[in-house]
Amino acid sequence: MLSKRIQKIQPSATLSINAKAIELKKQGVDILKFGAGEPDFDTPDNIKDAAKRALDEGFTKYTSATGIVELKEAVCDKFKRDNQIDCEVSNILITNGGKQALYNCFMAILDSGDEVIIPSPFWVSYADIVAVCEGTSVYVDTTPNNFKLTAEMVKSAITPKTKCLILNSPNNPTGMVIEKEEIEKIAKLALEYKFYIISDEVYEYFLYDDKEMFSIGSISEMKDLVFTVNAVSKSYSMTGWRIGYITGPQEVIKPMGNLQSHATSNPCSISQKAALEALTGPQDSIKQMADEFVKRRNYVYEEMSKLPGFKLVKPEGAFYAFPDVSGAFTNEVNDSFKFTEFLMEKAKIAVVPGGAFGEAGNKYIRFSYASSMEDIEKGIRRIRDALL
Ligand SMILES: Cc1ncc(COP(=O)(O)O)c(C=O)c1O
């Protein structure tokens, strides 16, 4: 009796690995978890205090379904300040996490059979959201170019049905960043072939070495074609608060708000006040997190590269390492899913199989270094021992 639409959706692999690790932990097994897609830091105190104030002041009722005006203004200021994206309050929708921004956007632009180009490996939810919106995902394999998407790759996937391309830089799961020059070339393609770009920038502050953020939405000619999605989730360690936001052409943002008004109504009123503080208050917690992540990234890169059968491209952003582990495969353990099970059983560590991020990822695993340095050191030691 289930609809065809809902049968297209798979449960999130990241969440199910986490559930398995929690179950084993409950049984007393000493599992170290490297599957998480969230910073391991606490939400900063100034943000928590803003939420407490909202509660005390009785800010606990419905707000406008599309978010409070002060938060939309703060989002506009943030886009102008950090991303050079020109926008107004009418271009902004506040959502229940970045995920709902993406969902609303695909719901608003996709008709049955419209194609969405997804650079692969990709964050698990893109394909499922596209499927439920009755779109068709067209994957572009970035593995031959160290996970770096090029305009040429995009061009080869364009058809008359192409409605949209997803950009996700810094990238989950690969940690790679697309260079400004390449993004400019991709923008030219979108203008020539008239398709939308959804730029998912939730990891924007976690950039290492000399990497810089370049938002495609800052190219003024692209104003009518780009949606920029972001959230306070990763930037301020607020994954549980569920506040995301999106800017884009008004004629699409408005119907997205209508959809939201019938689906969830407003994002949590208290979380909106907390997000307002996050965006307008002190920003030093971001630097502290990024400084810590870069130390861990350096350690993971160095030590993981020495593991037998592991090959790792140095991650440039986010908090994930995505090693090619096919050199450690055996006759029985011969794909990323089996390798992940092997690591869970033998090394007592939880990672996410690369195959969960699309077929192109099946030689890889995703190791999140949003874990304490002590656990990371222990975890890599355990992998080494399991492989000997
Ligand atoms: C690439 C990417 N986009 C969007 C999201 C969704 O973030 P949120 O928790 O704000 O819904 C995630 C979360 O893991 C992500 O990795």
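In strand β12, Ile365 is the bridge partner of Pro353, and 2 bridges in total join β11 to β12 (residues 365-368), the two strands running antiparallel. The model is a predicted one, in which local features require pLDDT of at least 70 and side-chain atom pairs count only at pLDDT 80 or more, while totals for chains, interfaces and linings use all residues. Residues are numbered from 1 along each chain as its sequence is written. Strands (DSSP runs of E, at least two residues) and helices (H or I, at least four) are numbered from the N terminus, and two strands pair if DSSP finds at least two bridges between them. The open sheet has 3 strands in the order β9-β12-β11 with antiparallel pairing, and its edge strands, β9 (320-321) and β11 (352-353), each pair on one side only.

In helix α6 (residues 125-132), Tyr126, Ala127, Ile129 and Val130 are buried, that is, 20 or more other C-beta atoms, placed from the backbone, lie within 10 Å of their own. Because these buried residues fall within an arc of 165 degrees when seen down the axis of α6, they line one face of the helix; the arc is that of the directions from the helix axis to the C-beta atoms. Just after α6, Glu134 takes a positive phi of about 70 degrees.

The ligand is surrounded by 13 residues, of which the closest are Gly97, Gly98, Lys99, Ala231 and Ser233, a residue being near if its C-beta atom, placed from the backbone, lies within 6 Å. Helix α5 (residues 97-109) contributes the largest share of this shell, 3 residues.

Conventions: A residue is buried if 20 or more other C-beta atoms lie within 10 Å of its own, exposed if 12 or fewer, and partly exposed in between; C-beta atoms are placed from the backbone.
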